[in-house]
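Hi,

Here is the structure I promised to pass on.

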Amino acid sequence: MFFHVGTTVFLAYAYREGFGKKGLIAIVGLHTIVDSMAAYYQLTGSETFMYATRLSLPE
């Protein structure tokens with residue numbers, strides 16, 4: 001949840017400051033990395049990737 005709120009705020013700032021396209025490209029790249037780590041965690045159960053993609057402790 002915090003990731004999406006943060007990216008929304010960043011994109012609004014980037015648009016206002018005149019570098020909206022570059023900001024969008026950066027956010028798409030960052031989102032791709034985070035989603036890839038989450039998918040890797042789902043496939044392997046790696047705790048390292050779980051902590052990298054979640055803010056909560058495992059149940």
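This is a predicted model: local features need pLDDT of at least 70, side-chain atom pairs count only at pLDDT 80 or more; totals for chains, interfaces and linings use all residues.

Phe19 has a relative accessibility of 30%, so it counts as partly exposed (buried means under 20% relative accessible area, exposed over 50%, and partly exposed in between, with a 1.4 Å probe and protein chains only). You'll find Phe19 in the loop between α1 and α2. Setting aside neighbours within four places in sequence, Phe19 is in contact with Phe10, Tyr13 and Ala14, where contact means heavy atoms within 4.5 Å.

Residues are numbered from 1 along each chain as its sequence is written, and side-chain values use heavy atoms, with hydrogens and water left out.

Now the overall layout. The chain has 3 helices and 0 strands, in the order α-α-α along the sequence. Helices (H or I, at least four residues) and strands (E, at least two) are DSSP runs, numbered from the N terminus. Of the chain's 59 residues, 14% count as buried.

For the 16 residues of α1 (residues 2-17) that gives 22 Å, and the end C-alpha atoms are 22 Å apart, which agrees. For the 25 residues of α2 it gives 36 Å, and the end C-alpha atoms are 36 Å apart, so that agrees as well.

How do α1 and α2 pack, by angle and axis distance? The angle is about 165° and the axes are 8 Å apart (axes are lines fitted to C-alpha atoms, for helices over the stretch in contact, and angles run from 0 to 180 degrees between N-to-C directions). The two helices are therefore roughly antiparallel, the word used for angles over 145 degrees. On the α1 side the contact is made by Phe3, His4, Thr7, Phe10, Leu11, Ala14 and Tyr15, and on the α2 side by Gly20, Gly23, Leu24, Ile27, Leu30, His31 and Val34.

In α2, Gly23, Ile27, Val34 and Tyr41 are buried, and what covers the buried residues of α2 includes α1 and α3 (47-53). After α2 comes Gly45, with a positive phi near 75°.

Cheers

How values were computed:
The expected span of a helix is 1.5 Å times one less than its number of residues. Angles under 35 degrees count as roughly parallel, over 145 as roughly antiparallel, 65 to 115 as roughly perpendicular and the rest as oblique.
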